[in-house]
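Visitor: Please take me through this model, and let me ask at each step what lies behind the words you use.

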Amino acid sequence: MAEELLRLRVADDEGIFALRQAGRHVAAAVRLDLQDQVRVATALSEIGRELAAHAGTVAVAFLLDRRPAPRLLVEMEYAPARDARRPKEGDAAAARLMDLLEETGTEARRTVRLAKALPADVADVAGATLADLRARLGRLQPATALEELRTQNAELVEALEDVRRQREELRRLNTELEETNQGVMALYNELSSELEETNRGVVALYAELEEKSDQLREAGEAKNRFWANISHELRTPVHGVIGLTRLLLDPAAEPLTEEQRHQVSLVAGASDTLLSLVNELLDMAKAEQGGSRRAARSSRCPRCCGSWRT
């Protein structure tokens, strides 16, 4: 339930001045800041002037509405003039200044409601405090046009001073921002230089690694060629020895004594062992070159015509 703070009637220019004055004082009483006080007073004078010119008399009630959130509620009730539409030029300005602007009612009686959100501590305004507030607002004396003009001039001066302070603050912030940007640019340039040096170091390291890789690859290829050549060179005489021992042990050959056959068998066994070792070396060389062990074991030595498959 909204609690009434002040009620008045507006019918002429003096009433408009009184409405503006009352709006400012009520806004101050419910703890709105100076800028919001000016906003409330300006919105009420804009809407009140149009309604008074249209309907002749306007009943204005200032209410303290606590739910769902504390707000200052102003209800402006009027009887619409016949065959005339209410001017609404001031509605757009009032809507920007207030948190709520709505109009309800019938053709015979209509109400314009304006609302402004209040600080949370306005809930403390109750009981004796609220009664004292109503009494102080009830003792307000209507302001003359000269007094209202003087008050508006003071508000304008205060607004201009506030704009000047904001401009100075903005200028100070721009200076600080410019200094910060200079520091950021200097840091960025420093980081860019360090990053460029790091990139050059990384490129040099990659070049060195690539050179080392080439050297290792060449060394590996040389080793593989060495093992392949040694294996081929060893296989040729070993195959010759194996062939001779097989010819000597052939039953169709001249018979050998037991001692001779035993000695030739030892030579044949040692030759087979040596051939296996040579084949293992060749297999390792082929494996490091990407060949399979089976391909290495089944390869034929081009220098050993008719070499044995192992």
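**Reading the terms against the values**

Guide: Arg31 lies in the loop between H1 and H2, where helices (H or I, at least four residues) and strands (E, at least two) are DSSP runs, numbered from the N terminus. This is a predicted model, in which local features need pLDDT of at least 70 and side-chain atom pairs count only at pLDDT 80 or more, while totals for chains, interfaces and linings use all residues. Residues are numbered from 1 along each chain as its sequence is written, and side-chain values use heavy atoms, with hydrogens and water left out.

Visitor: Why does Arg31 count as partly exposed?

Guide: Buried means under 20% relative accessible area and exposed means over 50%, with partly exposed in between (1.4 Å probe, protein chains only). Arg31 has 38% relative accessibility, and therefore counts as partly exposed. Arg31 also has a positive phi of about 75°, although it is not a glycine.

Visitor: What makes Asp36 count as buried?

Guide: Asp36, which has its place in helix H2, counts as buried because its relative accessibility is 15%. Its side chain makes a polar contact with the side chain of Arg39 at 2.7 Å, the term standing for a pair of N or O atoms within 3.5 Å; within protein, one must be able to donate a hydrogen and the other to accept it, and residues adjacent in sequence count only if both atoms are side-chain atoms.

Visitor: Why are H1 and H2 called roughly antiparallel?

Guide: Helix H1 (residues 13-29) and H2 pack at an angle of about 150°, with their axes 8 Å apart. That angle makes H1 roughly antiparallel to H2, since angles under 35 degrees count as roughly parallel, over 145 as roughly antiparallel, 65 to 115 as roughly perpendicular and the rest as oblique. The axes are lines fitted to C-alpha atoms, for helices over the stretch in contact, and the angles run from 0 to 180 degrees between N-to-C directions.

Visitor: What is the handedness of the crossing of H1 and H2, and which residues of H1 and H2 meet?

Guide: The crossing of H1 and H2 is right-handed; a crossing has that name if the near helix is turned clockwise from the far one by less than a right angle, and is left-handed if anticlockwise. Among the residues that meet are Ile16, Leu19 and Ala27 in H1 and Val40, Leu44 and Ala52 in H2, contact being heavy atoms within 4.5 Å. By class, this contact of H1 with H2 has 8 nonpolar, 5 polar and 3 charged residues, where Ala, Val, Leu, Ile, Met, Phe, Trp, Tyr, Cys and Pro count as nonpolar, Asp, Glu, Lys and Arg as charged, and the others, Gly among them, as polar.

Visitor: How do you know that H2 and H3 are roughly antiparallel?

Guide: The axes of H2 (residues 34-55) and H3 (residues 89-97) come within 9 Å and cross at roughly 160°, and H2 and H3 are therefore roughly antiparallel to each other. The crossing of H2 and H3 is left-handed. Arg39, Ala43 and Ile47 of H2 are among the residues making the contact, as are Asp91, Ala94 and Leu97 of H3.

Visitor: What makes Leu6 buried, and what makes Phe226 partly exposed?

Guide: Leu6, in strand S1 (residues 3-10), counts as buried because its relative accessibility is 12%. Phe226, in helix H5 (residues 145-249), is partly exposed because its relative accessible area is 45%.
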